[in-house]
Amino acid sequence: MHEKKSFFQLLMRSRLTVVGLIGVLIIVLMGIFAPFIAEKPKGYGSEILLPPSTNHWFGTDNLGLDIFAEVVWGARTSLFVSLVAVLVAIVIGVPAGMISGYKKGVIGSIIDSLIDIFLTLPILPLMIVIAAVIGSSILNVAVIIGIFSWPSLARVTRNATLKISELQFIEAAKCLGIPTGNIIFKHILLNIMGPILVNITLIMATAVLSEAGLSFLGLGDPTTWSWGVILKKAWENGAVIDTPNPWWWWFWPSVFVTFYVISFNLLGTGINDILNPKPND
Amino acid sequence: MKLKSKRLSFVITILMILALLVTACGSQQTQTTDEGENNQGQTTGPKIGGNLVVGITGDPYSIAPWVSNDLNSAMIANLILPPLMVTDENGKKIPYIIKDYKMSDDAKEYTIVIHDGINWHDGVPFTAEDIAFTAEYTVKHKLGFGADMFANVEKTEVIDKTTVKFYLKKPQVNFLSQVGFWINIMPKHIFEKVEDPMNFNYDGTGYGPFKLKEYKKGEYYIFERVPNWPLANNGLGAYLETVTFRVFPDHNALLLAMKNGEVHVSGSAMPVASQKQLEASPDKFGVLKVMSLGYGYFGFNYKNELLRDKNVRKAIAMTIDRDAIVNTALQGGAVKMETPISPVYKDLVKSNIKFPPFDLEGAKKVLEDAGYKLNSEGIREKNGKKLEFELIYRTTTINADSIVNIFKANAEKVGIKINLKPVDNATYTDRVVKQRNFDINFIEWGVIDDPDSSLATIYKSDTALNFMGYKNEKIDEILEKVQSEPDYQKRVEMMNEFQKEFIEELPTVNVYVKINAYGYSKEFEGWSLTPGLFGPIAAKDLVKVYKK
């Protein structure tokens with residue numbers, strides 16, 4: 001109990017981590033309460049390409065839809081994509097990392113080289129190819145991103161597991177005849193949650209970047225609102241190079257992608273600083 | 001602390017970049033340039049020379065037009081293998097490579113005389129033999145739509161070097177205007193030895209005002225002028241020394257290249273946003289506009305049991321808000337199409353036979369009367385079958401996203417659920433054209449020409465382009481008959497009959513006719529265009545372009 005409290009206190013001590021935490025909270029709340037914040041944008045209206053005003057905080061797009069609403073619903077999509085990607089990465093990455101770290105031997109080195117191979121793959125081109133082949137639904141996109149995110153998580157898990165499994169209390173547990181499953185889940189997993197958590201926040205951030213990239217290339221799901229989809233529509237309709245420029249169309253989704261990535265990164269770095277209190281430079 | 005300050009400066013940098021973006025955008029104003037600088041002293045008139053760079057979006061499938069069916073392939077082929085017939089300013093067909101022709105009164109015999117003095121680029125004379133060969137070869141090897149267009153030929157007779165005579169099995173009034181407009185003539189001396197044209201590596205030998213110099217698929221295609229090509233500029237040939245096609249991934253990339261001066265003319269029709277950009281600098285750029293010969297439409301697949309119900313099609317037709325599609329989605333870059341035949345062809349739409357108008361209440365009533373009741377999800381259903389359809393469309397169609405969203409919004413207001421299915425071109429072709437596995441499709445026809453006699457190619461029950469699988473004996477009969485009626489006025493009347501039947505049946509709902517716009521650089525002059533396939537890049541127009 002005492003330990004947990006101090007962890008949170010430590011977290012609150014760094015101002016940038018607090019900023020990250022607040023940013024993450026804002027996005028999570030936006031995503032969860034999207035239906036209460038703004039009506040889901042659909043159909044079309046008559047107020048086309050209006051600049052930001054009190055009626056439309058972020059302006060409107062070429063169909064007269066409210067960009068604020070699109071951004072809010074985009075937060076929901078971004079969270080969904082990140083969470084699914086993280087889930088996929090955890091399901092594959094954590095067991096793979098733990099087995100390879102705990103078992104060592106042949107199985108360990110096979111998984112280890114698999115991780116290495118995956119880490120060297122050119123991720124974006126591969127994502128593009130796979131997304132083009134299996135088709136663009138938001139779930140597909142999320143799963144693809146997850147499939148390419150597990151190696152880094154597995155690597156982190158493996159290293160942490162290696163460190164822990166050499167400690168004496170694990171040796172003791174083994175001697176006592178505690179089943180391997182129990183050792184892995186009760187004693188090791190609980191002790192390596194920190195590094196995993198840090199890595200998850202980083203995957204959350206990169207997943208949104210990947211989704212925006214895929215959507216922008218037309219491989220996302222144009223029937224769902226996401227920040228990448230808004231950007232793609234703006235690009236397709238010439239909003240990025242138009243004069244006079246409807247800047248609000250591409251500006252807000254860009255800001256939110258940046259905000260999302262920075263928030264999760266700050267939070268991740270904050271957690272990391274607490275868990276590894278060594279100076280990095 | 002060191003670490004912290006580093007991170008802080010990172011955040012500040014980001015904020016500064018964002019601030020810069022905001023101010024940059026806020027201060028942007030449109031600047032209208034004063035036009036009309038007097039530089040009359042510099043005009044020198046047409047002369048030979050210059051390299052024109054044409055930007056196109058999307059790569060031609062192949063330089064051999066007989067094995068491909070895309071606009072970019074046809075555009076490139078049109079320079080090296082120009083068609084026998086071209087369009088005039090009203091979209092009517094007039095001779096180009098043909099000097100003269102005669103149709104017999106029963107529309108079964110055509111005598112065609114071509115211009116003398118045209119050679120293949122390898123020096124072999126271009127003769128009537130090549131035309132006769134093309135007719136025979138395309139049918140024998142079933143080469144694309146050419147095989148269908150020549151299918152009616154019973155016998156060809158080469159009378160002399162420049163005269164060929166076609167004897168048709170059945171009377172067909174538009175035989176020459178179809179074949180002449182669409183088919184690129186094949187070099188007999190090359191293809192007579194080719195057994196497998198689908199896999200033959202055609203080198204681009206043609207008879208046009210430009211010849212293919214070199215190309216790299218997906219990147220560029222370079223053509224050079226044929227000196228003294230007889231049909232251009234009184235036997236001088238084209239003015240441009242070389243014409244280079246550059247392939248761009250999308251319209252924005254093409255527009256940027258134009259603004260940077262890397263591209264001089266757009267071969268692909270430009271979206272409205274791009275047009276406005278170029279029109280903002282009238283000293284540098286011009287925009288040529290012409291009404292498209294094609295149109296955008298929604299088609300219904302008759303394989304779907306619910307869509308086979310005329311009431312459902314009618315209700316959907318009534319949910320289509322043409323004003324919103326034309327003004328909002330297409331930003332005014334189109335005109336409404338309320339008749340089954342395009343308003344480009346004025347004689348054929350004088351009868352004013354129109355699709356059901358936009359009327360959501362009316363659509364609800366049609367569905368209600370036909371027994372489709374709203375369920376708890378707000379979707380109508382009858383006998384447990386829900387009115388829920390997949391709408392398939394190509395992501396590459398400009399503004400398609402906006403158009404289908406307008407369609408979806410209105411359809412759902414009357415209780416018809418629409419699931420959008422955006423796909424790439426290959427998937428679209430596979431699902432719609434090959435497998436006919438779809439509910440509703442949205443797409444634009446590039447060109448529907450000779451509509452007084454040619455609509456059999458899309459609406460007759462047994463034709464390949466009838467993706468709907470639509471079958472109506474009365475329509476089949478009209479479309480069959482009209483092909484052999486030599487009297488134009490009678491054809492117009494018959495097509496009015498067709499239109500009356502069509503708006504009752506609604507196999508497709510036609511929505512708008514695009515206004516095709518092509519930007520060009522004022523470094524070049526002599527531009528012209530007619531309603532057709534390639535805008536100002538049509539061989540007949542491009543030969544007149546010269547560098548200022």
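Select Ser342(B): at 3% relative accessibility, this residue counts as buried (buried is under 20% relative accessible area, exposed over 50%, partly exposed in between, with a 1.4 Å probe and protein chains only). Ser342(B) sits in the loop between β14 (334-336) and α11 (346-349) of chain B. Helices (H or I, at least four residues) and strands (E, at least two) are DSSP runs, numbered from the N terminus.

Before going on, note that this is a predicted model, in which local features need pLDDT of at least 70 and side-chain atom pairs count only at pLDDT 80 or more, while totals for chains, interfaces and linings use all residues. Residues are numbered from 1 along each chain as its sequence is written, chains are lettered from A and ligands numbered from 1 in the order in which they are written, and side-chain values use heavy atoms, with hydrogens and water left out.

Stay on Ser342(B) and show what touches it. Leaving aside neighbours within four places in sequence, Ser342(B) is in contact with Met337(B), Val349(B) and Val513(B); contact means heavy atoms within 4.5 Å.

Next, select helix α14 (residues 425-434) of chain B, where Tyr428(B), Arg431(B) and Val432(B) are buried. Looking down the axis of α14(B), the buried residues fall within an arc of 85°, so they line one face of the helix. The arc is that of the directions from the helix axis to the C-beta atoms. The cover over these buried residues includes β18 (388-394), β19 (417-423) and β20 (440-445) of chain B. On the face turned away from the buried side are the exposed residues Ala426(B) and Lys434(B). After α14(B) comes Arg436(B), with a positive phi near 50°.

In chain A, select Asp116(A) and Arg155(A), whose side chains meet in a salt bridge (2.2 Å, N to O). This pair links distant parts of the chain, with Asp116(A) in helix α5 (residues 105-120) and Arg155(A) in helix α8 (residues 150-165), 39 residues apart. A salt bridge is a side-chain nitrogen of Lys or Arg within 4 Å of a carboxyl oxygen of Asp or Glu. In chain B, Lys170(B), Lys460(B), Asp462(B) and Glu480(B) are linked in a network of salt bridges.

Last, show the surface of chain A at Leu29(A), Ile32(A), Phe33(A), Phe36(A) and Ile37(A), which make a nonpolar patch of about 520 Å². Patches are made of residues with over 30% relative accessible area and no salt bridge, like charges being joined within 9 Å and nonpolar side chains (Val, Leu, Ile, Met, Phe, Trp, Tyr) within 5 Å. Accessible areas come from the Shrake-Rupley method with a 1.4 Å probe, and for residues only the protein chains shown count as cover. Ile32(A), in helix α2 of chain A, is partly exposed at 48%.
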